[in-house]
Amino acid sequence: MAYNEFDDIESMESSRIAFDFKGFLFKIVNLWKFVLLSIGAALIIAYLINVRKENVYKLDSLISVENDQNPFFTANTSISFNWGGVSGKMGKTITTLQTRTHNEKVVDSLQLYMDYLVEGKYKKLDIYKRAPFKVTLDLTKPQVLNKYIGVRFTSADQFEIFTEFEGANGRAQRYDTKETTAVEVPVGAFSKVYTIGEKVALPFFSGTLEFRNERQIKPGTAFYLRFKNFDGVVNGYKNNIMVGSFNKTNSPVLKLSLAGTNKGKIVDFLNTTAAILSRTELERKNLYATNTIKFIDSSLAAVDTSLKGFTKEMNSFRKKNKVFDVDAEMLDVSGKLKDFESQKEAEQTKLNYLNRLESYLQTKTDYTNIAAPTSVGISEGNILTSVRKITSLAIERKSLEYTTREESEIFKNIDRQIDAEKNVLLETIKATISTINIQLGTLNRNIANLDVKLRGLPEDQQEYLKIQRKLDISQEAYDIYMNKRSEAAIVKAANISDISIIDEAKDIGGGKIGPNTSLNYMMGLMLGFFIPLFLIFVVFLLDSTIHGSDEVEQLTSIPILGLIGKYRYHNNLVVFEKPKSAVAESFRAIRSSLQFFYKNKMKKEEQEGGKTIMITSSVSGEGKTFTSINIATVYALSGKKTILLGLDLRKPKIFDDFDLTNEKGVVNYFIGDSTFDEVINHTKIDNLDVVTSGPIPPNPSELLMSDKMGDLIKRLRQEYDMIVLDTPPLGLVTDALELVQYADASIFMVRLDYTKKGMLQLINAKYRAGEVKNISIVLNFYKHKTNHNYGYGYGYGYGYGYGVYGNSYHEDNKKSLFKKAKAFIKSI
């Protein structure tokens, strides 16, 4: 039989391990007010977030990235500045748009580091160009960072600068050099009046205020300026701008998108970034042409100086000498000599260019400044091709420097191509120089032969012809350079940027993407629902308190004898003073169950005399004394001669309700200080006698283990029909175990929402070991609900109050503020 009981207990304990989903569900239902309150609070928070957040907008623009051909470039144009195609240009453009260098230009041009603000309902709002005035900053002076500088208009043409500083130092930045520095600022409140157009020169702000579009401002209106760190602003736009292909195909169209709280700033930033990108790309595209024009201008300046010198020399010669006729044959010789000298000048120019180019290639690393060979008349195909390739690769490398690390494989590949092409070009230059030197030798010999023929002329005629030839050669060279420069300027002016704006950004009233108020409310609803559910789950998981009869049935195989409902009354004599109450009926039901129990026991043991019943519990406060008094009362009222023994020698309680004192009691009988008849108290309840515990002894366990206890029980069985033993808690002291041997029936009190589950394991162990027999459980504070006993009332309610059992049963009836708050929360 013991084996079967042990199996039942093992089965019970294993079933307790499983999570009680039904209990958790009923716990939620019982705390529906708490869940509803949490949902309401979350929705209120979501509303406050929604009304305080600024609207977020997202606008976009479209740009095209193509290789636009110069309309003035034809096969006969000697200077061409169009390099490559669209290969890789899309990726390079996307990367460029997200570089710091590019975004610095945009932020600088729009001065986005300066905010115009007004006081809003919840915070200061950025009004950008909607401000009725504009500030022209003195970029050479520092502007204090992240400080609101107030601008209050006091009249139609005057305004007041006001602010307040807590310390004497502030952090400021010069926006010309982007250098940050510390500045001394006035401590405390600051205020000073200025006139519109008057320069403001303060340690923390320097600039001039002017009306925007002649707008008038109402006196007393206040605005605010705020300066932000340039690098921080650039980094913000750099990280927020989104660039991508307009569609999934290979279309050369890019879509630029930007989100922010001010649509005016978004529009200006997108359009300006596209304009600066287009301008920068055109500058790179025209770099070759620009270098060629610079080279021609430098050569043209030298030729112009020579031309002016020879013209002056001819005029001076004519003033000194009379005009004379030169023989036609000599004129023909002089003409031929001029042609040879012109050819020599042209070849010498080519030679000078090639020597400089050779030196440049051998000493420089940046090859973007090479002028076009055609600018000096070099038409050698290999040289033209090589220079074009080197320049194109150098420009490509320079553009990648903003987006690619120096150790990148891309740079290494470009450098290898440049080096290979440079080696080919250097060899070609050497061969071309050799050829030009041969041609110069031939020209020099022809010039020398013709010069000999002219020596037969008079000296003044020789001088005249010589000056005339130099003048004509200089004029021809000047005309050639002017033609070359005109051609280069036309090609450059007609060049078209590869990047053009297809659809510029524009505020047409839409573009709002946030805050997502519906999502915020949904998130608030979800958090307001699931957070309390999680808290309830944690509390439920960690809760070790017994809440219902079904939990007791799961935790122990000890039968439940009866249920006592929750009832608030000023003392413990509920059955006597409120005989018609539900609680009184509960004790009558327990009496009936005990009578059935005693009949079965008598059949088995044939025991005569009065019946004993022991009332105990796990800890103090579970209703042990309350139950003892009322069970004794219900038996006495039924005509049974009943005695209630107060055997809780450590913390006596039963005397107060019967208006008795605890000066004498069962302790006095045990120590021989009084006879038993002297400690018996007759109460106002018929058939009920009470023996209090008496003074607290130093050795309560030893007194209860004495022979007098056994003799006392034998005597009482002869004199009374029912003997009710009010004992100490079984879970804290061993006194109750000493009294088990005298009990025909034992009642173990379990107070719902108070008794810990672990205490049932203690009584289970004693029951399994045979230390307690004939024991049943009575549930106190039972409150029937349709949710299977989950969620009962809290608090006492019987007019008595046990403290924590221990410390010699000292009682503290005061409730802390924390306990009161906890009780209030539980009542929700």
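Mentor: Helices are DSSP runs of H or I with at least four residues, strands are runs of E with at least two, and both are numbered from the N terminus. This is a predicted model, in which local features need pLDDT of at least 70 and side-chain atom pairs count only at pLDDT 80 or more, while totals for chains, interfaces and linings use all residues. Residues are numbered from 1 along each chain as its sequence is written, and side-chain values use heavy atoms, with hydrogens and water left out.

Trainee: Which residues of H3 are called buried, and what makes them so?

Mentor: Buried means under 20% relative accessible area, exposed means over 50%, and partly exposed lies in between, with a 1.4 Å probe and protein chains only. In H3, Val35, Ser38, Ile39, Ala42, Ala46 and Asn50 are buried. The arc is taken from the directions between the helix axis and the C-beta atoms. For the buried residues of H3 the arc is 110 degrees, so they line one face of the helix. On the other side of H3, Leu36, Leu37 and Ile44 are exposed. In general, an α-helix has 3.6 residues a turn, so residues three or four places apart point the same way.

Trainee: What covers the buried residues of H3?

Mentor: The cover includes helix H13 (517–542). Contact here means heavy atoms within 4.5 Å.

Trainee: What makes S8 and S9 a pair of strands?

Mentor: Two strands pair if DSSP finds at least two bridges between them. Strand S8 (residues 169–174) and strand S9 (residues 179–184) are joined by 6 bridges and run antiparallel, so they pair by that definition.

Trainee: Why are S3 and S10 called edge strands of their sheet?

Mentor: The open sheet has 6 strands in the order S3-S2-S13-S6-S7-S10, with antiparallel pairing. Strand S3 (124–126) and strand S10 (188–195) each have a single partner strand, so one side of each is left without a neighbour in the sheet. Strand S2 (residues 114–119) pairs with S3 over 3 bridges, and leucine 117 stands opposite aspartate 126 in S3. S2 also pairs with strand S13 (residues 222–227), over 4 bridges. Methionine 114 has phenylalanine 227 in S13 as its bridge partner.

Trainee: What makes a group of residues a nonpolar core, and which residues touch the most other members of the largest one?

Mentor: A nonpolar core is a set of buried Ala, Val, Leu, Ile, Met, Phe, Trp, Tyr and Cys residues joined through side-chain atoms within 4.5 Å. The largest has 61 residues, and Val107, Phe133, Val135, Ile161, Phe204 and Phe205 touch the most other members. Helix H7 (residues 263–285) gives the most to this core, with 7 residues. Apart from it lies another core, of 42 residues, including Leu555 and Phe676.
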